[in-house]
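Please open the structure in your viewer and keep the selection tool at hand.

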Amino acid sequence: MRTIRFILRKEFLQIFRNKAMLPIIFIIPLIQLIILANAVTFEIKNITFNVIDFDQSSYSRELISKFTASNYFTFNRSSFSVENSQEDFRTNDSKLIIVIPKNFEKDFIKTGNSKVQLLIRAEDGNAAVIIQNYSTNIIRQFNIGIIPEWQGANTWKTPPMIDITYSNWFNPQLNYKTYMVPGILVLLVTTVGMFLTGMNITREKEMGTIEQINVTPIKKYQFIIGKLIPFWIISLFELAFGLLVAKIIFDIPILGSIFLIFFVASIYLFVVLGIGLFISTITETQQQSMFIAWFCMIVFLLMGGIFTPIESMPSWAQTIAFFNPVAHFNKAMRMIMLKGSDLSDIHQTIYFLLIYATVILSLSVWRYRKVS
Amino acid sequence: MHIVEVSGIHKSYKSTKALDDISFDVNYGEIFGFIGPDGAGKTTLFRILTTLLIPDKGNALVLGNDVVKDYKKIRKRVGYMAGRFSLYQDLTVEENLKFYATIFGTTIEENYDLIKEIYVQIEPFKKRRAGKLSGGMKQKLALCCALIHKPDLLILDEPTTGVDPVSRNEFWDMLMNLKEQGITILVSTPYMNEAALCDRVALIQNGKTLSIDTPENIINRYTKIILGVRSDNMYDLLLKLQKYKYTHSVQPFGEYLHYTDKREKPNLEELKDYLNKNGHTSSEIITTPPDIEDCFMELMEEKEHVN
């Protein structure tokens, strides 16, 4: 016990003597939360659009004014040639071209059927889909407004329609920050845990200090505990700091118990630290361990459901995501924070993380012996 | 019973033989030196003895314990100083020492007597980070850390490499003191002149030991007569002597060239004549007793001829 206590003291001494450490602990979470939470949103505003109106009728003008009136679209320019208008695609001046054909109004009144063409710039597929959705929405509203107008003349009955209304539970305003911040906290804890642990041990290898440690009677479990506990504490502290910032700056709802958040996080951290430890056993320099940790991070985060929902992935990717600890922790964090889930709701996540932690820690402890 | 007993150790890295059938014993209380050029296998051997590496073949007993099976017992009683400074650079002198004392389950106070003489020299800097110390200071700190648990055996891997001559002499004085306190020391060095300071030395080259004996015996076994030759232009003298038909070997050695003859006895007159003819009219020739360095040079050259 005395030895472990002393090793911990030495580790903390070294960690806080490292000049980069305090900024890492305090500045990174602030920047990540403030910038990412504000920047990562799936809303698109100021969609610039061009108009090619061959019809020049009151209907066509009304349709265009519906677009201009919406918050999402900004009128760029109007022309009478598709080629000419497409120039703006190349120069990035316009994201959408609305082409209204000749006889738009006439056809509509005569047959009740008319066509509008939407040309969307789609180098960013996600954005294109969103623009398409917004546009069809506006056209649908235009449609609903226009039907009674010409039907009135014919005194037909209004066709029966189902009115769909939405209610978004747990995030009524569909606020992206509410949704993103728990995810960013996950990202934060994962980065700090995995990178710092991996680099700390490879640093000992790089400096040659591990050689001197290995000739001492220090026991393997003492050494490993001494390496893991400091970063476990720092990461939990990091989470507390992040939650505080989230509450103060973004007023993120925390419906569930704070205690449960930390309980899940403390198990999850053993998985992350275990991965960091494992990386350090298979690498020789900080550079190598950094690169591998970075690679794992990218895969874990992109497949972790933080930025894109796991449900939208192909089924094979969902299978891979099942083995991604980030996905489980992220899910649990959102459930606890936004939905107020309790222990019985997330017990499966806890079992999974416990098994994962046991496997990865045993694996790295076993690997560690082979190197020393 | 010896403190270290090594028999038939082999160790290879892929196709390179780092150690090829090494056997030797170290007696209690002696300073045993391993002398050899870089890459001779000194570090590999020491890493095996300090239980950091497992030999491919052969046995090694340190303090009566097998280096593979009883490595835990060895680690408690051996002090090791690696060739490269391997203490924590971001901890202070005092913190490093305290850390190593604690993980060996002791305290600085308990063994202060042993390190006192060395520690007082670095004590004024005890609040300084180890990384900011000078080379000689680092080495003293490393020695203190290796001694803090009062080891029976001290294994020092090239402790004087890259250290200035004054600090080197000081360091050897410290080793002599430790020996008097009953600590056995196993030391390696690439500097041949340090061999004379050991009780016994082993010459190691290409993973093989060439000769293991006391420095005196190694010198006594040397039968050739050595001539020290000097003139105004030493470099030209070296070139001319290399061309001389009776030259066995010629090596620069301080202010003289050490010359040995192919024949049993060198002919001084003939040599003087040869030098006069080649423009070295003011040359000086003396006979000189063989140095341990001469012996090693000779042994290493013999070995190369055999190979």
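Select B:Pro252 and B:Leu257: B:Pro252 stands opposite B:Leu257, which belongs to E13(B). Now extend the selection to strand E12 (residues 247–253) and strand E13 (residues 256–261) of chain B, which pair in the antiparallel sense over six bridges. Strands pair here if DSSP finds at least two bridges between them. Helices (H or I, at least four residues) and strands (E, at least two) are DSSP runs, numbered from the N terminus. The hairpin of E12(B) and E13(B) has two residues between the strands, and B:Gly254 takes a positive phi near 65° there.

The model is predicted, so local features need pLDDT of at least 70 and side-chain atom pairs count only at pLDDT 80 or more, whereas totals for chains, interfaces and linings use all residues. Residues are numbered from 1 along each chain as its sequence is written, while chains are lettered from A and ligands numbered from 1 in the order in which they are written.

**Chain B as a whole**

Of its 307 residues, 41% count as buried. A residue is buried if 20 or more other C-beta atoms lie within 10 Å of its own, exposed if 12 or fewer, and partly exposed in between, with C-beta atoms placed from the backbone.

**The four-stranded sheet of chain B**

Select the open sheet of chain B in which four strands follow the order E2-E1-E4-E5, with antiparallel pairing. Strand E2 (16–26) and strand E5 (65–66) of chain B stand at the edges with a single partner strand each, so one side of each is left without a neighbour in the sheet. Next, colour strand E1 (residues 4–13) and strand E4 (residues 57–62) of chain B, which run antiparallel and are joined by five bridges.

Most residues other than glycine have a negative phi. B:Asp21 has 14 C-beta neighbours inside 10 Å and therefore counts as partly exposed.

**B:Arg47**

Select helix H1 (residues 42–49) of chain B, where B:Arg47 has its place. Is B:Arg47 buried or exposed? B:Arg47 counts as buried, because 23 C-beta neighbours lie inside 10 Å. Leaving aside its neighbours within four places in sequence, B:Arg47 is in contact with B:Leu52 and B:Leu53; contact requires that the C-beta atoms, placed from the backbone, lie within 7 Å.

**Where chain B touches chain A**

Show both chains. In this pairing, 20 residues of chain B are in contact with 16 residues of chain A. On the side of chain B that touches chain A, the elements giving two or more residues are helix H2 (71–77), strand E6 (78–81) and helix H3 (93–103) of chain B. H3(B) gives the most to that side, with four residues.

Select helix H3 (residues 58–69) of chain A. H3(A) has twelve residues and reaches 16 Å from its first C-alpha to its last, close to the 16 Å expected at 1.5 Å a residue; the expected span is 1.5 Å times one less than the number of residues. Which residues of H3(A) are buried? They are A:Tyr59, A:Ser60, A:Leu63 and A:Phe67. Seen down the axis of H3(A), these buried residues fall within an arc of 105°, so they line one face of the helix; the arc is that of the directions from the helix axis to the C-beta atoms. The face turned away from the buried side of H3(A) carries the exposed residues A:Ser58, A:Ser65, A:Thr68 and A:Ala69.

Step back to A:Gln56, found in the loop between strand E1 (47–53) and H3 of chain A. Its phi is positive, near 50°, and A:Gln56 counts as exposed because it has 12 C-beta neighbours inside 10 Å.

Finally, select helix H13 (residues 325–339) of chain A, which has 15 residues and reaches 20 Å from its first C-alpha to its last. Of these 15 residues, 13 are buried, so H13(A) is largely enclosed by the rest of the structure. After H13(A) comes A:Gly340, whose phi is positive, near 70°.

Note on methods. Two residues are in contact if their C-beta atoms, placed from the backbone, lie within 7 Å.
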